[in-house]
Each structure stands twice: as C-alpha cells, then as structure tokens.
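Take a look at the structure below. Keep the sequence at hand as you read.

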Amino acid sequence: MNKFDAIIIGGGPAGLAEAYALKSAGEDVAVVENYQWGGTCPNRGCDPKKMLLSGVQARDRVAQLKGKGFGDAPYVKWPEIEAFKDTYTSKIPEGSRNGLISAGITAIDGEPKFISEDQISVNDEIYQADNFVIATGQRPSRLNIEGNEHLLTSTDFMNLKSMPKKVTFIGAGYIAFELATIASSTGAEVHIVHHNDRPLKEFDAGYVDALVKQLESRGITFHFNVDTKSIAKFGEQYVIDAGDFNLVSDLIVGATGRVPNVDKLDLEKAGVEYSTKGIKTNNKLQTTNKNIYAIGDVVDKSQPKLTPVAGFDARYVSNVILGKTDKEIEYPAIPTLVYGSPELAKVGVSTTEAEKNPDDYRVVDQDLTKWFTYYRTNEPVAKAKIVFNKDDQIVGATLMSNEADEMINYLTLAINKKLTHDEIVNTIFAYPTPASDLQYLV
C-alpha cells in the first residue's frame, strides 16, 4: 500500500497550491489528476481567455480613437490570436506536473475513487493518507434538452481553429458576455439567448443594462425571455427552437453555468456529503469526514468561485492541517469581474443591499466618462457606484470602464485595509493614472 501524509485530489490551482504548501512544511504529499495538469484556469479558463481578450482590447483602443489619429480598426485575426494563446496553454500540463516532481511531490495520473474513509484507488493501486484535500473544481454544465450534443462548451470555443460567421451563446452570465465580446471582435455575427430578462444578476441592474447597450452597439444581439427547448442540426448549421422563437447559427455555445466535479469520486464510501452545488464543508473547510477537506470551486459556498479564492482556501487548509491555526476561515472582500467591453466589476457590499438599507449605507453614483483617465482614450462610458457605511467608510463598489479591472483592486485594498479618505488623499500616486483618481471616488 502507498502511504502519504496528505493526498490532494485535483491538480489545478487549488490543489497545486495546497501540495506545495504542505510539502514545504515537510509533509509527504501526493497529487492525483485525472485530466489535465494545471486545471481550468491556465489551460481552458481565465488565463487563455484573457489572452484572447488582449485582441479585443487592442482593437477597441484603436476604434475609440478613430478620427483622432487612427482610421478604421481591423478585426482580430482569430487563427493568429488563437495560435498565440496556444503558445501559453500548450506548456501548462507538462510544466505543472514536472513542477510537482521537482519539488519532491508524487504526481499520480488516473481516476481516483474513495474505497474507505482514508483510502482511494487509482489505476487499481491503493493509496492511504492521514488527510485528503479535494480540489477537483467544476466543469461546464450541459442543458438537459433535446439536441444538447450539438452544444459546444467554453473550452471548445477557445480551441476553435477558425471563427464561423454566426455564433450564438445560450446563457447570459460571465462566460457568455466575455466570449461573445471576443467573437464579435473577429467580425462574427454574435447572438446571446437567455431564458429571462435579467443577465448577470449578481451585479447592479442599471450597470448591467448599460453594459448590454454597449455590447449591442458593437453588434451583439440579445434575445431575452427565450427558453430554449431543443437544438437541431441541418447541414452545417444549427437551429435553436424555443417554440415561438427560432435562430439559425453556424455554432452554438452552451454557457449556462458550471457543475462541481464530484460524481466520480465515490464520496459516499468516505462519508463525505455533497449536493449539486458542491461538497458540504464547515467553517474550517472540513467535510463531513473530519480528515477530508475540500477547497476551491468544488465547495458548496457563497463566495465567488475564482482562482484567487481557491488559493486562499489552500493556504488556509494547509495551516489547519499543519496545526498553525484553529480559527475558522474568514474571507476578505472579494472582487469579481466581467471582462466585457467595457469591463464590469464589483466588490464588497452590493448596491442592491445598500439601497435597500438607506439608514446603514450611502451610495454615490458617478459618471466618469469625462474624467481625464477615460477622456484621453475616448472611452464611450465610464461609471462608478461607491457604497459608504454610517462611518463614511468605503465598504463596496461597482465599476464599469475599460480600466475597471485595475480600479477594483485599488478599491478592494481600501475596503480590506479600512483606509480612510484622508489616508488615500495623503497617498501620492503616479499622475495621471487610474490610481490618482481614487481620492475623488472615496
């Protein structure tokens, strides 16, 4: 039998962070991966998506300056930017696995299944550990409709070798908005079909409406309150059928959420409870088996399922296992971001909650479009809603602009460090930059 101090199930960002943290403390560690070393984010998620978005951002910058030093903006050449993306992603699996081995961590390829409370089986080999950490993440969900075999996933989309003329996305969440923005920058006709009239429901409704209008201005067509019933293939095209609505496309991408990777682990044999939302844990990220932890996207929790949150989980659990802490996990304010064009970001107390509780919060809504930061690149829209508590401390923010990803990090730092207005005003930032605008926001 193969015996370890800890076995990590899942070789993505959460699992790798956990493995390195435990190994650096002298633990004998193994990591099991059944698909692709490195996990979703660097292979088929946030990293390659951001590389493809670099083409969108470059094109938009030129388009905004049309008649102000530039002519018409060229469309992004999909085969070239997709090949550029591959120069990064192609190195991830081998590099991730080799990194573990170089650190003295055992890397095991195969499908893990629990056979008892402290044992798993992989490739007919039995492995035992004092502690297990499940970090298997999520995968794209698939609509339960007739013809769902014709749906591509976000992974399929990012690996396309050519972009068809007409692309449709079913769903109106983060993934649909981002991939639709990418597709439209190549010149494709792009449609988004959604079952109700409230996309990105986690965000401020007014700002979402403004983002939809911006995407419509770049040629993306939204079809709200359309409940897709089936998908059929006719020749080389596909038809969405929703009863009184039909749409023909060259390609259809299902972007209707993600599901936890728990169904093949035989968790029942380990006494680990889970649901369709993920593995159930306590406030120390222990499962219903106290020697088995779960971290990252596979956990049933309210925090956003993001790579940095997974890393935060991993660092915390390593400290619990090593006896460095017995405190329950406490999450800081966590920023979330939609990489559309413009970007939409939020952190902390939502504007919805603040507006429902006017005795506790004050909301300041500002149009930043004419501020120099945005005027100099001729951005079509820039907006910010800042939430203050009764002590006039910033506790939340929602932003929409091409610089939202940068600005939301500054505001996250201000919230988590409880910086006062005077502290920000008396910090000298490089000027003119988005950071130098902070004093006027807070």
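The model is predicted.

**Two packed helices**

Two packed helices are described by the angle between their axes and the distance between the axes. Here the pair is helix α3 (residues 46–64) and helix α4 (residues 78–89). Their axes come within 9 Å and cross at roughly 145°. The crossing of α3 past α4 is right-handed. On the α3 side, the contact residues are Asp 47, Pro 48, Met 51, Leu 52, Ser 54 and Gly 55. On the α4 side, they are Trp 78, Ile 81, Glu 82, Phe 84, Lys 85, Tyr 88 and Thr 89. Of the residues in the contact of α3 with α4, seven are nonpolar, three are polar and three are charged.

**Aromatic rings**

The model has nine aromatic pairs. One of them joins Phe 157 and Phe 169. Their ring centres are 5.6 Å apart and their planes stand at 65°, so the pair is edge-to-face. Phe 157 belongs to helix α6 (residues 154–158) and Phe 169 to strand β8 (residues 166–170), so the pair ties together parts 12 residues apart in sequence.

Are these two residues buried or exposed? Phe 157 has 0% relative accessibility, so Phe 157 counts as buried. Phe 169 is also at 0% and counts as buried. Ring pairs also bring in Trp 78, giving a cluster of Trp 78, Phe 157 and Phe 169. Trp 78 is also one of the α4 residues in the contact with α3.

**Charges over rings**

Two charged side chains sit over Phe rings.

| Charged residue | Ring | Distance to ring centre |
|---|---|---|
| Lys 346 | Phe 203 | 5.5 Å |
| Arg 362 | Phe 388 | 4.4 Å |

Conventions: Residues numbered from 1 in each chain as written. Predicted model: local features only at pLDDT ≥ 70, side-chain atom pairs only at ≥ 80, totals over all residues. Heavy atoms only, no water. Axes fitted to C-alpha atoms, helices over the stretch in contact; angles between N-to-C directions. Helix = DSSP H or I, 4+ residues; strand = E, 2+ residues; numbered from the N terminus. Left-handed = near helix turned anticlockwise from the far one by under 90°. Contact = heavy atoms within 4.5 Å. Nonpolar A, V, L, I, M, F, W, Y, C, P; charged D, E, K, R; others polar. Phe/Tyr/Trp six-rings, centres within 6.5 Å; stacked < 30°, edge-to-face > 60°. Buried < 20%, exposed > 50% of the residue type's maximum accessible area, 1.4 Å probe, protein only. Lys NZ or Arg CZ within 6 Å of the ring centre and 35° of its normal.
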